[in-house]
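Here's a walk through one protein model, written for someone who wants to click along. Keep the viewer open and follow the residues as they come up.

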Amino acid sequence: MNNMIITKTRELAKLLQQDESIVRLTAAQEAYVLNVEVQDMVDKFNMTREKINAAVADGTSDEKEIDKLNEELRNYYTWVMESESMINFNSAKQDADKLLGFMVKILTESAEGEDPDTIQPENEGGCDGSSCSSCGGGCH
């Protein structure tokens, strides 16, 4: 293993931790985890899911009871997904994932012989399906 590459990777990781998108993701994740109301709803979601699994597994619950539990599950899920904490987390994660995805693309294509300075990020809309020239290929 090339120690210089590992050393430079560690340096890059330290820079990455200072990037605005990563700092935002870390803060959003912390806010989500520390939000007692959201965590309470996540716990209720998980308990309801366990009740559904147990009801289906034992085979003694009627369909109405399972439907009621499924409705509760959907309500908890919707509440969590629409909470400000989750919206902020998902937005921050999406931005961080774009950066990380582009970084991986640069490394992967460079390892395959491409010039790292000419590698471009993926198109926002993705592949148009007509040809790989619209997105750089790699998906099929």
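Which salt bridge do the side chains of aspartate 40 and lysine 44 meet in, and what is its N to O distance? The two side chains meet at 3.5 Å, N to O.

## Before you click

This is a predicted model, where local features need pLDDT of at least 70, side-chain atom pairs count only at pLDDT 80 or more, and totals for chains, interfaces and linings use all residues. Residues are numbered from 1 along each chain as its sequence is written, and side-chain values use heavy atoms, with hydrogens and water left out.

## The overall fold

The protein comes to five helices and zero strands, so helices and strands here are DSSP runs (H or I, at least four residues, for helices; E, at least two, for strands), numbered from the N terminus. Walk along the sequence and you get the pattern α-α-α-α-α.

Of the 140 residues in the protein, 21% are buried. In this report, buried means under 20% relative accessible area, exposed means over 50%, and partly exposed is in between (1.4 Å probe, protein chains only). The areas themselves come from the Shrake-Rupley method.

## The nonpolar core

A nonpolar core is a set of buried Ala, Val, Leu, Ile, Met, Phe, Trp, Tyr and Cys residues joined through side-chain atoms within 4.5 Å. The largest one has 18 residues, and Leu25, Tyr32, Val38, Val42, Val80, Met86 and Phe89 touch the most other members. Helix H2 (20–34), H3, H4 and helix H5 (84–111) each give two or more residues to this core. H3 provides the largest share, five residues.

## Salt bridges

The structure holds seven salt bridges, each being a side-chain nitrogen of Lys or Arg within 4 Å of a carboxyl oxygen of Asp or Glu.

For a bridge that links distant parts of the chain, look at aspartate 95 in helix H5 and arginine 24 in helix H2, 71 residues apart. The closest N and O atoms of aspartate 95 and arginine 24 are 2.5 Å apart. Aspartate 95 is partly exposed at 29% relative accessibility, and arginine 24 is partly exposed at 32%.

## Two stops on helix H2

Serine 21 has its place in helix H2 and counts as buried, at 11% relative accessibility. Its C-alpha atom is separated by 9.1 Å from that of glutamine 94, 73 residues apart along the chain.

Valine 33 lies in helix H2 and counts as partly exposed, at 48% relative accessibility. Between valine 33 and methionine 86, 53 residues apart along the chain, the C-alpha separation is 9.7 Å.

## A negative patch

On the surface, Asp62, Glu63, Glu65 and Asp67 gather in a patch of negative charge. Patches are made of residues with over 30% relative accessible area and no salt bridge, with like charges joined within 9 Å and nonpolar side chains (Val, Leu, Ile, Met, Phe, Trp, Tyr) within 5 Å. Asp and Glu count as negative, Lys and Arg as positive, and His and the chain ends are not counted. The place of a charge is taken as NZ of Lys, CZ of Arg, CG of Asp or CD of Glu.

Aspartate 62 is found in the loop between helix H3 (36–58) and helix H4 (63–81), and is partly exposed with a relative accessible area of 47%. Aspartate 67 has its place in helix H4 and is partly exposed too, at 40%. The C-alpha atoms of aspartate 67 and isoleucine 52, 15 residues apart along the chain, are separated by 9.2 Å.

Notes. Accessible areas come from the Shrake-Rupley method with a 1.4 Å probe; for residues, only the protein chains shown count as cover.
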